[in-house]
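The exercises below ask you to work through the place where two chains meet.

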Protein chains: 2
Amino acid sequence: MELTEIRQQIDEIDGQIARLFGARMRLCAEAGAAKRQLGLPLYDPAREEQILAQREREAGAKLAPYARRLFALLLQLSKEYQGG
Amino acid sequence: MELTEIRQQIDEIDGQIARLFGARMRLCAEAGAAKRQLGLPLYDPAREEQILAQREREAGAKLAPYARRLFALLLQLSKEYQGG
């Protein structure tokens, strides 16, 4: 595949990731509101570890450490957004 | 929406992000190979800034700083993966 074509495909994927990221952040804000209403703590380390472990496992050996870092940041960003 | 339902939706989004992330990493490895073949530098700061600026702009004011951080990590991870 040519570099230009590869880049077009990367740009398309980035657009999809950006759209999903926006949806994820809005859902996490909703989850935060629901937790506050239920008197639950905003931070749930067990659920976080479950998410990271699942994403790592599904990514396969080669991509696992990268997937963990990506989802660790996603969790971090949602926490900051929930708190804001 | 109930917390359980919100979490199910987040999990579904995470699955889609994970799938796109894998595809992005593989395309970036291909881009790296193409650049090496063409004798182009692997690191292209102008393209990186273009990606970050576009994702920031499209995210809207509230999500812009979060989108920049997400895509900065995605770029970082692809560079590490290309180099490996």
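A polar contact is a pair of N or O atoms within 3.5 Å; within protein, one must be able to donate a hydrogen and the other to accept it, and residues adjacent in sequence count only if both atoms are side-chain atoms. This is a predicted model, in which local features need pLDDT of at least 70 and side-chain atom pairs count only at pLDDT 80 or more, while totals for chains, interfaces and linings use all residues. Residues are numbered from 1 along each chain as its sequence is written, chains are lettered from A and ligands numbered from 1 in the order in which they are written, and side-chain values use heavy atoms, with hydrogens and water left out.

**Exercise 1. Describe the interface of chain B and chain A, and the side that chain B brings to it.**

Step 1. Taking contact to mean heavy atoms within 4.5 Å, we find 45 residues from chain B and 45 residues from chain A.

Step 2. The size of an interface is often given as the accessible area lost when the parts come together. With buried area taken as that loss (1.4 Å probe), summed over both parts, the two chains bury about 4500 Å², of which 71% lies on carbon and sulfur atoms.

Step 3. Applying the polar contact rule across this interface gives 10 residue pairs, both residues being at pLDDT 80 or more. On the side of chain B that touches chain A, the elements giving two or more residues are α1 (3–38), α2 (45–59) and α3 (64–83) of chain B, where helices are DSSP runs (H or I, at least four residues) numbered from the N terminus. The most comes from α1(B), with 26 residues.

Step 4. Sorted by class, this side of chain B has 27 nonpolar, five polar and 13 charged residues; Ala, Val, Leu, Ile, Met, Phe, Trp, Tyr, Cys and Pro count as nonpolar, Asp, Glu, Lys and Arg as charged, and the others, Gly among them, as polar.

**Exercise 2. Find the aromatic pairs and classify them.**

Step 1. Rings of Phe, Tyr and Trp (its six-membered ring) pair if their centres lie within 6.5 Å, and planes under 30 degrees apart count as stacked, over 60 as edge-to-face and the rest as tilted. The count over all chains is two aromatic pairs.

Step 2. The rings of Tyr66(A) and Tyr81(B) have centres 5.4 Å apart and planes at 85°, so this pair is edge-to-face. It crosses between chains, from helix α3 of chain A to helix α3 of chain B.

Step 3. Tyr66(A) has a relative accessible area of 15% and is therefore buried (under 20%; exposed is over 50%, and partly exposed lies in between, with a 1.4 Å probe and protein chains only). Tyr81(B), at 12%, is buried as well.

Step 4. The rings of Tyr81(A) and Tyr66(B) also form an edge-to-face pair, with centres 5.4 Å apart and planes at 85°.

**Exercise 3. Examine salt bridges that cross between the chains.**

Step 1. A salt bridge is a side-chain nitrogen of Lys or Arg within 4 Å of a carboxyl oxygen of Asp or Glu.

Step 2. Arg47(A) is buried at 12% relative accessibility, whereas Asp11(B) is partly exposed at 25%.

Step 3. Another joins Arg69(A) to Glu80(B), with the closest N and O atoms 2.8 Å apart. Arg69(A) is partly exposed at 35%, and Glu80(B) is partly exposed at 30%.
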